[in-house]
Amino acid sequence: MDLKPIQRFVNADNSCLFSSIAYLIDRDNFSESSGLIFRIAIVDYIKDNNNIKDDFLGMKKDEYINKMENPDCWGGAIELKLFSDILEVEIASIDIQSGRVDIFGETKNYTRRIYVLYNGIHYDPLVMNVEGKEEDFDSDITFFEPEDY
């Protein structure tokens with residue numbers, strides 16, 4: 001059985017990062033509202049976590065929370081780092097323009113890794129699937145060993 005990488009596409013609706021993470025983490029329950037659910041999870045985590053400081057967020061915590069509650073605001077590296085902490089998974093973000101790979105959570109000894117593709121303005125999930133079955137979403141493999149790259 002040959003596996004091949006496949007870029008799954010999520011809506012370009014300013015919640016693409018949240019939708020991409022939702023697809024990779026909970027593919028079986030993925031829906032149009034998954035991005036919003038994962039956005040709310042980030043907001044709740046920031047609200048409930050006193051260890052998250054203004055310096056990390058780049059602004060006052062309350063301002064950042066208000067910003068992230070807005071569905072027109074997109075996520076990035078901060079949210080990738082927070083998702084890694086929340087989900088206890090490494091997240092590899094591959095910039096397809098530069099070839100750069102940023103791995104969030106790589107020092108935490110997590111046992112699983114997920115991959116997202118970033119093109120400078122949009123995130124999509126990256127999965128592995130049986131070659132020739134690109135339309136078979138049920139066969140998507142979304143979790144990998146951190147050593148698998």
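## About the model

This is a predicted model, in which local features need pLDDT of at least 70 and side-chain atom pairs count only at pLDDT 80 or more, while totals for chains, interfaces and linings use all residues. Residues are numbered from 1 along each chain as its sequence is written, and side-chain values use heavy atoms, with hydrogens and water left out.

## The sheet

Let's begin with the strands. Helices (H or I, at least four residues) and strands (E, at least two) are DSSP runs, numbered from the N terminus. Two strands pair if DSSP finds at least two bridges between them. Here, 5 strands form an open sheet with mixed pairing, in the order β1-β5-β4-β2-β3. At its edges are β1 (3-7) and β3 (101-104), each pairing on one side only. On average, neighbouring strands are turned by 30° against each other, direction ignored.

Strand β2 (residues 90-95) pairs with β3 in the antiparallel sense, over 4 bridges.

## Helices across the sheet

Two helices to look for are α1 and α5. Helix α1 lies across β2, β4 (113-118) and β5 (123-130), and runs at about 25° to β5. Helix α5 lies across β2, β3, β4 and β5, at about 155° to β2. For these angles, axes are lines fitted to C-alpha atoms (for helices, over the stretch in contact), and angles run from 0 to 180 degrees between N-to-C directions. Contact means heavy atoms within 4.5 Å.

Next, find the aromatic rings. Rings of Phe, Tyr and Trp (its six-membered ring) pair if their centres lie within 6.5 Å; planes under 30 degrees apart count as stacked, over 60 as edge-to-face and the rest as tilted. By this rule there are 5 aromatic pairs. Why is the pair of F18 and F83 edge-to-face? Their ring centres are 6.1 Å apart and their planes stand at 70°, so the pair is edge-to-face. F18 lies in helix α1 (residues 16-25) and F83 in helix α5 (residues 77-87), so this pair ties together parts 65 residues apart in sequence.

F83 also forms a tilted pair with F38, at 6.0 Å centre to centre and 45° between the planes. F38 belongs to helix α2 (residues 34-48), 45 residues apart from F83. Buried means under 20% relative accessible area, exposed over 50% and partly exposed in between (1.4 Å probe, protein chains only). F18 is buried at 0%, F83 is buried at 1%, and F38 is buried too.
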